[in-house]
Amino acid sequence: WFKDYVMYPVQMSSFMIKTGKICRQKFGKKVGKKVPFYLSMLVLWTLIGLWHGGTAHYFIASGIVPFILITLSDLLGFINININLFNRIKTLLLMCVSFIFICTSSVSKGLEAFKIIFTKFAAPVSSKVSLINYLSLSDIILMSLGLIILLFADYLQYNKKSLTQLIDKQHALVQYAFIYCEILLIMFYGMLGNSDFIYFQF
């Protein structure tokens, strides 16, 4: 709804149209088209960042970083390859960039994490750090269930269907049961390890 009620109205505002005309006259048709789009995107992702974060690192992770990545992806269009698997892997890796800031407690620690990624390629031999150390059996089961649901939803979308359409065709009791299960899962499993449910911090 941010896109429909914020980005599009901003992009079609008189200020943006006027800005586009000025840029088109001075820098050409392509720049005149892109500048209003990027400015509207900046407004959109700034508001999304403010919506998600009461602290700087959440604001950067959910607003500024996605805006920069999407803008660079559009500017460097020659990097895009029309292969579904490649594009999915690329999107996953780019999302992990945002998650680095989400998982750290400050912007400086997020930047420090980036530094470590590109400068320290191996952990000390003595450290035995594993994902299993941080996850209980119920966490693993829940993550596996979520992955199965995501893959099933992706399969439906690939076949021109959707999970919501499938649920809408079920009996009302099944629909209510599905909705309440979602709510209960969020309430009881909205924390991983010792971290609070993410929206409690906003």
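## Close-up views of a predicted model

View 1. Lys 34 is partly exposed, at 26% relative accessibility. Here buried means under 20% relative accessible area, exposed over 50%, and partly exposed in between (1.4 Å probe, protein chains only). This is a predicted model, in which local features need pLDDT of at least 70 and side-chain atom pairs count only at pLDDT 80 or more, while totals for chains, interfaces and linings use all residues. Residues are numbered from 1 along each chain as its sequence is written, and side-chain values use heavy atoms, with hydrogens and water left out. Asp 74 is also partly exposed, with a relative accessible area of 31%. The two side chains form a salt bridge, at 2.9 Å from N to O. The term requires a side-chain nitrogen of Lys or Arg within 4 Å of a carboxyl oxygen of Asp or Glu. The count by this rule is 1 salt bridge. Lys 34 belongs to helix α3 and Asp 74 to helix α4, so the pair ties together parts 40 residues apart in sequence. Helices are DSSP runs (H or I, at least four residues), numbered from the N terminus.

**View 2. Ser 40 in helix α3.** Helix α3 spans residues 29-52 and includes Ser 40. Ser 40 is buried, at a relative accessible area of 1%. Neighbours within four places in sequence are set aside here; Ser 40 then contacts Met 7, Val 10, Gln 11 and Met 16. Contact means heavy atoms within 4.5 Å.

**View 3. The second largest pocket.** The space in this pocket is about 160 Å³. Its lining draws two or more residues from each of α4 (56-75) and α5 (84-103). The largest share, 5 residues, comes from α5. Lining residues include Pro 66, Leu 69, Lys 90 and Met 95. By class, the lining has 5 nonpolar, 3 polar and 1 charged residues. Nonpolar covers Ala, Val, Leu, Ile, Met, Phe, Trp, Tyr, Cys and Pro; charged covers Asp, Glu, Lys and Arg; the others, Gly among them, are polar. A pocket is an open set of points on a 1 Å grid over the protein atoms alone, where a 1.4 Å probe fits, with protein on both sides within 12 Å along at least five of seven lines; lining residues have an atom within 4 Å of a point. The volume is the space filled by probe spheres set on the points, which are joined across faces, edges and corners.

**View 4. Cys 96 and Cys 181.** Cys 96 is partly exposed, at 35% relative accessibility. Cys 181 is partly exposed too, at 44%. The structure holds 0 disulfides, a disulfide being a pair of cysteine sulfur atoms within 2.5 Å.
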